[in-house]
Amino acid sequence: MSHTGTRVDAHVKVLDEHVVARAKARGIDALVYAPHFVRLPEVRARAERFSDGELLVVPGREVFTGDWRTRRHLLAIGLEEPVPDFITFEAALAEFDRQDAATLVPHPEFANVSLTRPEIAAHAERIDAVETYNTKLLPHQNARSRDLARDVGLPGFASSYAHLRGTVGEAWTAFEDDLATPADVVAAFRTDAPRRAVHREGTAHRLRGLAEFAHLGYENTWEKVDRLFLSGDEPTHPDSVFYEGRFDDVSVY
């Protein structure tokens with residue numbers, strides 16, 4: 001697909017040869033790869049492996065702040081140093097600020113894992129963008145996100161939020177500028193760079209969204225049971241020796 005500017009699918013959880021091929025077929029120029037519970041060096045290495053002259057893969061981290069009862073998700077792009085999950089919300093924001101990362105709000109006001117309108121408004125000066133279209137969410141939920149971003153005066157962004165390969169490229173953030181490097185993508189999100197939140201239309205798109213929504217049930221049942229009771233501590237737990245004790249004072253567990 002020929003187009004100007006840069007199309008960024010701003011949040012995907014899967015990455016392999018099939019994902020890359022689908023992204024290119026959909027006219028996507030860049031993916032933000034931010035899998036759950038994977039350490040930053042591994043995310044960065046995989047992003048570099050699958051980047052080429054046609055598709056830029058940018059490493060990101062969706063950090064789970066708080067404990068399982070009070071968790072809030074934040075998407076950081078442009079981290080230079082690892083940040084664990086299960087630290088306080090304020091500690092995560094402070095670390096993103098220190099590293100000059102782009103701080104994005106994924107799926108606002110969704111379920112019990114997302115920032116609420118009052119929380120976003122209270123921290124608007126430290127947030128760079130709010131997700132205004134997420135393929136997994138229902139139309140009324142995306143409409144609510146658009147209203148929220150407008151009301152708090154923050155730029156929006158769109159993503160497929162693909163946990164399934166077939167969803168990649170269903171939605172994207174269309175920047176007017178040409179973004180050639182991960183640093184360019186981070187800078188675009190950190191500023192008011194002109195952009196539009198865009199998504200595919202039609203029955204196939206709606207079915208992809210429903211498939212993603214159904215997958216959420218798996219994530220919150222058997223996968224969570226395995227995570228909590230069978231697999232032990234997550235690799236991104238702040239108590240891991242990988243983080244060298246730097247987050248002990250802000251760990252919520």
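Residues are called buried when their relative accessible area is under 20%. By this criterion, in the predicted model, strand 7 (residues 156-159) is buried on both faces: Gly156 and Ala158 point one way, Phe157 and Ser159 the other, and all are buried. In a regular strand the side chains alternate between the two faces of the sheet.

Strand 7 pairs with strand 6 (residues 129-134). The pairing is parallel and runs over four bridges. Within it, Tyr133 stands opposite Ala158 of strand 7.

Helix 2 (residues 40-50) has a buried side. Leu40, Val43, Ala47 and Phe50 are buried there. These residues lie on the same side of helix 2 because they cover an arc of only 105° around the axis. An α-helix has 3.6 residues a turn, so residues three or four places apart point the same way. Glu48 and Arg49, on the other side of helix 2, are exposed. The cover over the buried residues of helix 2 includes helix 1 (17-25), strand 2 (30-33) and strand 3 (56-65).

The largest nonpolar core comprises 25 residues. Leu74, Leu79, Ile87, Phe96, Leu115, Ile120 and Val130 have the most contacts inside this core. Strand 4 (72-77), helix 3 (89-98) and helix 5 each give two or more residues to the core. Helix 3 gives the most, with five residues. The surroundings of Ile120 show the packing in detail. Leaving aside residues up to four places away in sequence, Ile120 touches Val105, Pro108, Leu115, Ile127, Val130, Leu148, Val152 and Leu154. In soluble globular proteins, nonpolar side chains tend to be buried together.

Two glutamates stand out in backbone geometry. Most residues other than glycine have a negative phi. Glu109, not a glycine, has a positive phi of about 60°. Glu109 is found in the loop between strand 5 (102-105) and helix 4 (117-122). With a relative accessible area of 24%, Glu109 is partly exposed. Glu244 also has a positive phi, near 55°. Glu244 is placed in the segment after helix 8 (222-230). Its relative accessibility is 67%, so Glu244 counts as exposed.

Key: Residues are numbered from 1 along each chain as its sequence is written. This is a predicted model: local features need pLDDT of at least 70, side-chain atom pairs count only at pLDDT 80 or more; totals for chains, interfaces and linings use all residues. Side-chain values use heavy atoms; hydrogens and water are left out. Buried means under 20% relative accessible area, exposed over 50%, partly exposed in between (1.4 Å probe, protein chains only). The arc is that of the directions from the helix axis to the C-beta atoms. Contact means heavy atoms within 4.5 Å. Two strands pair if DSSP finds at least two bridges between them. A nonpolar core is a set of buried Ala, Val, Leu, Ile, Met, Phe, Trp, Tyr and Cys residues joined through side-chain atoms within 4.5 Å.
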